[in-house]
Amino acid sequence: MSADDLLRAALIDAARTLGVPEGADPILERPRDPSFGDWTTNFAMTLARPLKRKPREIAEALKGMVDIACAGVATSEIAGPGFINFRLAQDALTAGLRRALALDALYGRSTTGGARRVVVEFVSANPTGPLHVGHGRQAALGDTISRLLERTGWDVSREFYYNDAGVQIENLGRSTQARLAELAGLEGDIPEGGYHGEYIREIAVRYAEQNPGDAGGDNGKAVTDFAVQELRKEQDLDLQAFGVRFDTYYLESSLYEDGKVEATVNALQAAGRCYESEGALWLRTTEYGDDKDRVMRKRDGSFTYFVPDVAYHVTKWERGFRRAINVQGADHHSTVTRVRAGLQALDIGIPEGYPEYVLHQMVTVMKGGEEVKISKRAGSYVTVRDLIDEVGRDAVRYFFLMRKGDSQLVFDVDLARSQSEENPVYYIQMAHARLSGIFRVGEIDPATIDGARVDLSPLSTDEEKELLKAITDFPMLVAGAAAALEPHRVANWLLEIARMTHAWYHKYHVLGEAEEVTNARLVLARGIQIVLRNGLELLGIQAPERM
């Protein structure tokens, strides 16, 4: 067990002795001020109501009952209204470092998920153009959430839902036909709501070359199918360049072809959740928290957009995914209640919170102090490929992940390209490269460093103790980020440990010191290197050995 697990178990045992029922779980946190100790807990304050005693009195009782030696604690003290602060013994402080070296690439993994299946749907862009920066943020979030869940024991399936049906696809086909007409020397008008980017002309040229018998684009279905196929290929290339893969691609059109949309509507009617009004079919979504009932089938017989979404999520449930997570733009906020209402109304056992949603805000791209809004190829927006070509995949991924998803994000191209301490991803990668340089200069294979056989007592400076705590905290960081579906926690933690690493690197020597000091610091350098590498890997970013 880790030091925090031992201490938490000791506190729980003490609480039970005081008469607290099972289920009480103390929260241990790092004090903001290191002078207060290594861990602090407000456990006594949370027990005040059930025990009907003063928090400080409970804190005194807990403090007296905890076997601090067995819990790896050197000293404990009570602060304020009932906080308990703990200082770890040196062996407990270095236990995480030894564990990091022993587990290496496996450090930070857990089996919390119990191999349960979860489907994470993200990007799911209409195949009507190259991926824009919003899709890029979503791709980074979805892929990293998937990685976090995998590291914590979940059986993850990544899924891309193609909206390959509806008005937007029709406009794509008609836009391509207009460009084909122009290539043939005729007038071609882009329809209202159509697509004007240079990529449409490129698709038209390829269609004409591959279909000389229909160079004018008279076969509308063939043109549309070709355009969708070409844009799916382009999106796949964009995702590959971004280091993102999917296990399943699900087509919206298949829901109609297989009769799943019609079957879902029939099931909702059979459940008595629908009614007819004004020539349309309505779903009683107000029974499930919506502000008003919603139209399912319009007067012209077509379905509204959320109906296939409900049918699609039924397939997730039927495919055995008892947990589903959707990463989508904040503009999808209104669909959350409707989709969940439709699933609840079917009364087939799907829980209220199914699926879970992670909604992200828009991205503003800045370059030279000005907002960039247009891509030459896309015509009306900045693409993911534009950013990757400008600053590289690692920087794009980190910048998309460094803020919480529901916050606005400003992507500063100039900062992302800079090789300076102000560029966070460069700063983190440089910390890893510097540690690698220590081993390279010393002609030491870092894989040969054995933390179990080295005396770590020389790691006594304040900077080294803070690094030891950070290394120990890494598994909890991963578990917390996975549970909250918040990758930015990892990005921010990496930046903080990089700051500590650079400060330590500049202040202390590793090589050329007394043997016992050098050996201990080599173990510390290896431990930092491991958590930096494992953390960067979670974000899909490289950990370079030279820069």
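The model is predicted: local features need pLDDT of at least 70, side-chain atom pairs count only at pLDDT 80 or more, and totals for chains, interfaces and linings use all residues. Residues are numbered from 1 along each chain as its sequence is written, and side-chain values use heavy atoms, with hydrogens and water left out.

The C-alpha trace of the protein chain spans about 85 × 60 × 40 Å along its principal axes. Of the 547 residues, 53% are buried, meaning under 20% relative accessible area with a 1.4 Å probe, protein chains only. The accessible surface is about 24800 Å², and carbon and sulfur atoms account for 48% of that area, computed by the Shrake-Rupley method with a 1.4 Å probe. Taking contact as heavy atoms within 4.5 Å, 71% of the contacts between residues at least 6 apart in sequence join residues at least 24 apart.

The chain holds 20 helices and 15 strands; these are DSSP runs numbered from the N terminus, helices being H or I of at least four residues and strands E of at least two.

Strands of a sheet pair through backbone hydrogen bonds, either parallel or antiparallel. Here, four strands form an open sheet with antiparallel pairing, in the order β1-β2-β4-β3. Its edge strands, β1 (28-29) and β3 (73-79), each pair on one side only. Two strands count as paired if DSSP finds at least two bridges between them. Strand β2 (residues 39-41) is joined to strand β4 (residues 83-88) by three bridges in the antiparallel sense, and Trp-39 has Phe-86 in β4 as its bridge partner.

Note on methods: Buried < 20%, exposed > 50% of the residue type's maximum accessible area, 1.4 Å probe, protein only.
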